[in-house]
Amino acid sequence: MTAPADPSTHPAPDAVLTVDGLSLRVRAGARRKRFALTVESDATLTLHTPTGRSIAEAEQFVRAHRDWLVNKQRERERMRPLTPAKRLAEGEVFRYLGRTYRLAVSEGEEVAGGVRLIAGRLVMGADLAAVPQAGRAALVDWYCRAGRNWTGHRLQPWAARMGVAEPELDVRDLGDRWGSYRPPQAGAGAKGLMSLGWPLFQLPMHLIDYVIAHELAHVKVSGHREDFWRLLRTALPEYEERRADLDELGRRLWMGDIR
């Protein structure tokens, strides 16, 4: 909505407030004490407002932060995911460790394990390919198994290089995160847990190594303070270049959508 002239009018919750060409969704909260702005992952804008504040005050706040909003929105647009949807059909392209593999749909007997990499092709049984969600689950499971096996050979050398304890490893669906680290839980001999997202294993190996090193740095340093980046830089001097490459290539990966 466009703000009325009456400055005492309050922006309605879930309304759209337009200020100098910027459209913002309004989120009001009784417990909120001050205005705040967020630029969502899809580049839309949200104004968080305390209950009872006027539209005039809201507009003034938005105008005061307009340059930040515009710059952040452009950055979000530039980094917006371009993830493709895949077909479970003969010849569809999938990536693993940076290389391209085509899907082969087997009309013969059921493929052991659901999906297998055989002679340079990802082979899936026709029964799975005919049921999109079952086929998707089988592909995700394959990425999890293959990624876990590949990372198992990389984890110890990276942990030794960084001078940290080697954590347990898991590969699973982490949503839009590449990795996470959970410190050891209570109990003698407990290890931390490093989880990696299965889509990561579509990337070239040097970018997967970056994520591994990033999560291993959290074994020693929680958060992303300067000492975290210092540790990562010691183990991987070119980490900034790899992080930029991950941001660019990562938004083009297949994230599991089937068409």
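Predicted model: local features only at pLDDT ≥ 70, side-chain atom pairs only at ≥ 80, totals over all residues.
Visitor: Which residues touch the most other members of the largest nonpolar core?
Guide: That core holds 52 residues. The ones that touch the most other members are Tyr96, Met162, Phe201, Ile212 and Leu216.

Visitor: Let's pick Leu216. What does leucine 216 touch, leaving out residues up to four places away in sequence?
Guide: Leu216 is one of the residues with the most partners inside the largest core. Once residues up to four places away in sequence are set aside, leucine 216 touches Leu155, Trp158, Ala159, Met162, Val164, Pro167 and Met194.

Visitor: And how many residues are in the other core that lies apart from it?
Guide: Leu24, Phe35, Leu47 and Leu69 are among the members of that other core. Its residue count is 16.

Visitor: On to pockets. Which strand gives the most to the lining of the second largest pocket?
Guide: The second largest pocket has a volume of about 220 Å³. Its lining has 15 residues, and Arg95, Gln202, Arg252, Leu253 and Trp254 are the closest to its centre. By class, the lining splits into 9 nonpolar, 3 polar and 3 charged residues. The top contributor, with 3 residues, is strand 5 (residues 93-96).

Visitor: Is arginine 259 buried or exposed?
Guide: Arginine 259 sits in the segment after helix 8 (239-250). Its relative accessibility is 61%, and the cut-off for exposed is over 50%. So arginine 259 counts as exposed.

Visitor: Which residue's backbone oxygen lies 3.3 Å from a polar atom of the arginine 259 side chain?
Guide: Not counting residues up to four places away in sequence, arginine 259 touches Ala85, Lys86, Arg87 and Glu92. Arginine 259 is also 8.1 Å from leucine 88, C-alpha to C-alpha, though the two are 171 residues apart in sequence. The backbone oxygen at 3.3 Å belongs to alanine 85.

Visitor: What is phi of aspartate 20 near?
Guide: Aspartate 20 lies in the loop between strand 1 (16-19) and strand 2 (22-29). At 43% relative accessibility, aspartate 20 counts as partly exposed. Its phi is positive in a residue other than glycine, with a value near 50°.

Visitor: Why does alanine 119 count as exposed?
Guide: Alanine 119 is found in the loop between strand 7 (115-118) and strand 8 (121-125). Phi of alanine 119 is positive too, near 50°, in a residue other than glycine. Exposed takes over 50% relative accessible area. Alanine 119 counts as exposed because its relative accessibility is 78%.

Definitions and conventions
Residues numbered from 1 in each chain as written. Heavy atoms only, no water. Core = buried A, V, L, I, M, F, W, Y, C linked by side-chain atoms within 4.5 Å. Buried < 20%, exposed > 50% of the residue type's maximum accessible area, 1.4 Å probe, protein only. Contact = heavy atoms within 4.5 Å. 1 Å grid on protein atoms, 1.4 Å probe; cavity = no way out; pocket = protein on both sides within 12 Å on 5 of 7 lines; lining within 4 Å. Points joined across faces, edges and corners; volume = space filled by probe spheres on them. Helix = DSSP H or I, 4+ residues; strand = E, 2+ residues; numbered from the N terminus. Nonpolar A, V, L, I, M, F, W, Y, C, P; charged D, E, K, R; others polar. Polar contact = N/O pair within 3.5 Å; in protein donor to acceptor, adjacent residues only side chain to side chain.
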